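Subject: Structure for your review

Dear colleague,

Please find below the sequence and structure that I am handing over to you. A summary of the findings follows.

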Amino acid sequence: MMLDFNCCFDAECDINDFVRTRKCQQAQSEPRATSAGEKDSESDNVTIIGQERNGEILFTWDDQPPSEKRKANGEVTYIGLYDQSTKKNSVLFIHDSNVHIVGCSINQERTLIAFTTLGNVGSSKETKPTLSGVYRSFLAEVQPQNRVFSLNIERRNLLKCQFLYSKLKGFSETPSKDTHMLFFLHKESIGQYRISLGRMGDKAVVMIGQPRTKQIAKKFLWAQWDVYTQRLFFLHRRKRRNSRGDNGDDVQLTCFEFKDATYEAVLNLSLTLPMPKELSWHSHQVNFLGQHITDENFNMEIITNIGGSLCICYQHPLFYPKSKNKEPLQVLKDDPEEEEEWEELAETETLDLYYSVLMLHHGYTLRCCIPKVPRHFATKMKLQFISLNDYLLVFVPGYVAHLLNVSSELEPCHHIVLPVSDVPHPTKTKGGLAASVEGSQQLVGFLHEKTSCKQGDSILDCTSGKAYRVSLSKEGIVNMFRNSRQPATKLALLHLAIVHVREMDLIKKLMILICSDVMSFDTSELLSEVLVASTYSGMRKQLDKEVLKFLPFTGADTFRGQLEKDNSGQQMARFTYVPKRKLIEGIISKGAVDKRDRRHTEAEFWDSIRTHLKLIATNQHRRFNTTSVKHELEVQQHKSMESSEIGNSKVASLPRRNYSTPAINKRAQLQDFSITVPFLEKQDQLEISQETRAGLLVDKLATHLSKNLKRETKVKSYNIATEFVACQLRQSKLLLQMMWTALGYEADAHCVQRLSTLKREATEEDHAFFHILERYYYVAEELCYPVPSGFVSLITILGYNCLDNQTFLHYVDAGIFRLNDDFLRAFIQELKKEDNDNESARMKFQIINRLDPQTSMIEALEQWNHPTASRYLSQQYVSEVLLENEDDPLQDDGWEKVKVGALSEHSYSESIQNSMSVVSDDGASSFEILSVATFPPLTTLIRYIESKETNDTTQLAAKMTKPIDSKYVEDNALHYTVEQCGENLSHVTF
């Protein structure tokens with residue numbers, strides 16, 4: 001499983017044991033008859049009724065009262081406190097009767113509690129609250145336990161009390177004079193209570209006078225209290241009047257941020273939501289650990305992250321109003337007489353389930369459709385929205401698990417959808433999948449750590465009393481990558497591992513899987529993601545967020561819809577994006593945060609969102625695209641070819657300013673990682689073509705940063721750009737090393753020597769290595785990434801060993817392989833071997849034909865112990881001597897014109913074929929026939945050449961390590977003449 005649910009709290013162990021121990025102690029001190037049925041039901045007696053900002057849990061249970069409070073036979077209700085940090089329980093309050101407490105809150109100084117009861121539910125705690133139940137709220141003094149005060153409010157609508165906490169962590173050493181409490185009366189109002197406190201005696205703290213109240217919100221439809229950030233979100237209706245004068249209702253989302261006793265509005269959004277059918281009925285979510293005040297069939301969640309992201313998550317209802325439009329009407333129906341205006345779902349076996357996530361920080365709404373959900377599942381399914389680091393987890397046990405990449409740092413892309421078979425069942429309820437889906441209604445958010453700022457990464461199962469911390473399983477990521485046949489899923493998992501998890505062991509395991517199937521169509525796309533994402537991840541350690549937002553982080557398109565399928569081709573989810581730019585413009589113009597409060601994290605949170613939205617509104621948030629360099633690089637290469645054709649050896653250079661190749665090479669070195677791949681261990685200068693590319697990348701990125709980062713100097717922009725290109729080279733080396741290791745190569749000298757030698761005995765690993773290198777080379781060219789020094793040598797030698805002759809020459813002619821010095825050294829060693837195969841001789845001469853510059857060509861011919869090489873050198877020597885005094889302007893450079901770049905393909909090929917046409921079938925290279933054959937015309941030619949030779953060494957001889965003269969030419973010419981015409985030369989016409 002890709003998701004791990006680790007139990008971090010268990011009421012059975014952490015709380016029930018305390019209750020049982022207390023009951024046993026009380027029974028021993030006061031013996032009484034206890035039935036077996038009572039003992040069996042003890043573990044079911046404890047109910048969790050609240051949780052505060054510091055993670056402390058409030059719970060209740062029923063038991064016999066203490067002896068000093070016992071008035072008659074009967075149970076009373078206890079309220080206890082469990083501290084997660086110390087793992088200790090304590091009794092806060094003992095009610096004088098048996099009441100059904102459904103919610104509780106304690107103030108920061110632990111002097112007051114506020115609790116809500118639900119009456120008319122019978123004596124059994126298992127009785128579900130009915131519509132006839134009445135909610136009542138009370139205040140009680142607990143230091144020490146003294147008086148209980150009723151708020152004198154009785155409603156069938158939901159009531160909730162919540163004390164406000166200050167921003168200071170922990171508890172105050174001395175009680176404050178006032179404590180503040182929010183009071184929620186669903187669909188009627190939200191009020192704030194100010195309760196004055198006074199000290200009585202040494203330890204007692206009591207209420208002084210009547211609480212002072214004020215209304216902070218009127219009628220509301222839904223509310224959420226963020227216990228950690230002390231923010232209140234609530235949904236309400238606002239009258240509007242359009243241009244035609246028609247009245248209507250807007251659904252408004254407002255956020256109040258509390259700072260001690262004061263609050264301010266920091267958010268006010270108009271939302272377009274398909275509202276459910278039954279908002280006027282008294283079916284509430286009676287679960288006070290969840291910080292929502294809402295109807296049972298209304299599922300909405302606000303998730304914030306300290307990094308500057310705010311997501312409004314909403315599960316669409318299954319009942320819609322009748323309308324001619326395809327979209328549901330954005331109105332609310334509270335009058336039962338208008339029931340006929342609502343349209344029930346058709347009696348179909350499956351339904352499409354929808355949810356939306358408004359990413360406020362991006363100005364977009366992400367909509368998702370879960371197709372073909374069985375009807376009996378859809379009507380009972382409640383989606384859970386859980387913050388999981390940079391992702392948002394949409395979860396239903398055993399059925400739905402979507403990982404949405406919605407962080408503020410990165411634009412949304414690469415969402416992950418788990419198949420139904422991989423969705424975990426953390427609660428392990430009996431009854432199979434149906435019971436797990438129905439159990440989703442009993443899951444609520446849970447604060448696990450006292451100082452956690454990543455609220456929402458834990459959930460509590462109210463049925464079992466167990467809380468689970470949600471995390472990603474690295475082994476599960478590898479297994480899902482291995483089993484998936486969908487390219488989009490593999491790409492998303494790879495992006496998750498590199499950018500978000502950032503563990504090298506996990507990335508190596510994924511690279512092993514990629515290298516095990518190098519012929520897959522998606523290999524190139526995966527390697528592209530590795531290069532771009534790893535470069536971003538490497539730069540993330542060195543730059544702040546203001547600069548990172550302009551660097552590429554993925555090779556995929558952002559804000560692009562996704563269609564997720566399983567391995568059988570069935571649709572699992574469908575994602576689309578809807579821009580909300582007009583809505584965002586109204587938020588930007590509102591300065592809700594006082595400038596004096598910028599030192600607070602909350603102020604930085606809202607400022608971060610506003611800044612991000614301003615960039616989006618002005619279309620300034622553009623990341624640098626390395627592929628944009630490709631066109632200009634092609635233009636530069638075209639200019640270089642034109643200057644070469646007209647004989648101009650000086651090629652126009654690119655503007656680089658502060659760019660330097662040594663700086664890139666120095667920064668590109670891997671300090672903590674050894675390179676064992678042949679030819680890549682060198683840290684010398686980049687090749688000329690790669691140097692040009694690196695210079696252009698530095699210049700373009702520096703210009704892009706200077707344009708968007710007005711505060712940064714040009715020098716700093718160029719330093720950042722230089723570091724970025726160096727990071728590209730570092731990640732390329734690291735990727736090549738991981739490929740080498742993934743294919744099972746070892747770092748011994750024998751393995752390195754084998755891959756550094758031209759040898760037509762490639763293994764399966766060599767073929768796989770060549771194919772993965774070929775795809776890397778293609779990706780690097782497409783992305784305009786500079787490749788490391790030595791890579792071209794590696795892939796050229798490996799290509800010679802793995803490809804057939806014709807394909808290898810085709811790669812050379814296309815410019816993919818380059819016959820550089822490393823290849824030439826290996827090629828010369830191959831030339832020294834005796835090879836009587838005519839096909840091999842032709843291949844070697846074809847390679848020599850393509851060597852550049854001329855010095856390499858001459859060196860290869862000189863080392864090749866073959867008649868073809870001897871005849872060819874002799875011909876060129878004769879031509880140079882006989883034509884050295886001619887006035888032909890084309891021959892000013894003598895034999896220099898023989899090189900590949902100067903001779904036409906036709907003339908050069910003709911020269912080679914003429915030389916190859918006289919090679920005997922057996923490849924004889926012996927000159928023994930020279931001792932028995934003479935040819936007077938040849939002797940005359942040699943004497944003429946000797947007379948033309950001067951004291952100065954010819955250009956050809958100067959480039960050779962072994963001397964060449966007229967005697968060398970005479971021996972070779974006579975040898976070839978005898979081979980072609982036989983030993984009797986009397987009939988040969990000169």
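A residue is called buried when its relative accessible area is under 20%, exposed when over 50%, and partly exposed in between (1.4 Å probe, protein chains only). By this criterion, 52% of the 990 residues of the chain count as buried. The model is a predicted one, in which local features need pLDDT of at least 70 and side-chain atom pairs count only at pLDDT 80 or more, whereas totals for chains, interfaces and linings use all residues. Residues are numbered from 1 along each chain as its sequence is written, and side-chain values use heavy atoms, with hydrogens and water left out.

The chain as a whole

The chain has 27 helices and 34 strands; these are DSSP runs numbered from the N terminus, helices (H or I) having at least four residues and strands (E) at least two. Among contacts (heavy atoms within 4.5 Å) between residues at least 6 apart in sequence, 65% join residues at least 24 apart. The chain exposes about 46,600 Å², of which carbon and sulfur atoms supply 48%; the areas come from the Shrake-Rupley method with a 1.4 Å probe, and for residues only the protein chains shown count as cover.

A four-stranded sheet

Four strands form an open sheet in the order E6-E7-E8-E9, with antiparallel pairing; two strands pair if DSSP finds at least two bridges between them. Strand E6 (101-106) and strand E9 (145-155) are the edge strands, each pairing on one side only. Strand E8 (residues 134-142) is joined to E9 by six bridges, and Ala140 stands opposite Val148 in E9.

Two packed helices

Helix H15 (residues 714-742) and helix H17 (residues 764-783) pack with their axes 10 Å apart, at an angle of about 160°. Axes are lines fitted to C-alpha atoms, for helices over the stretch in contact, and angles run from 0 to 180 degrees between N-to-C directions. H15 and H17 are therefore roughly antiparallel (angle over 145 degrees). Their contact involves Ser732, Leu735, Leu736, Met739 and Trp740 of H15, and Phe769, Ile772, Leu773 and Tyr776 of H17.

Val812 lies in helix H19 (residues 805-813) and counts as buried, at 12% relative accessibility. Leaving aside residues up to four places away in sequence, Val812 touches Phe817, Leu819 and Arg850. Helix H20 (residues 821-831) is largely enclosed by the rest of the structure, because eight of its 11 residues are buried. Among them are Phe823, Leu824 and Phe827, as well as Asp822 and Glu830.

Yours sincerely

Methods. Parallel < 35°, antiparallel > 145°, perpendicular 65-115°, else oblique.
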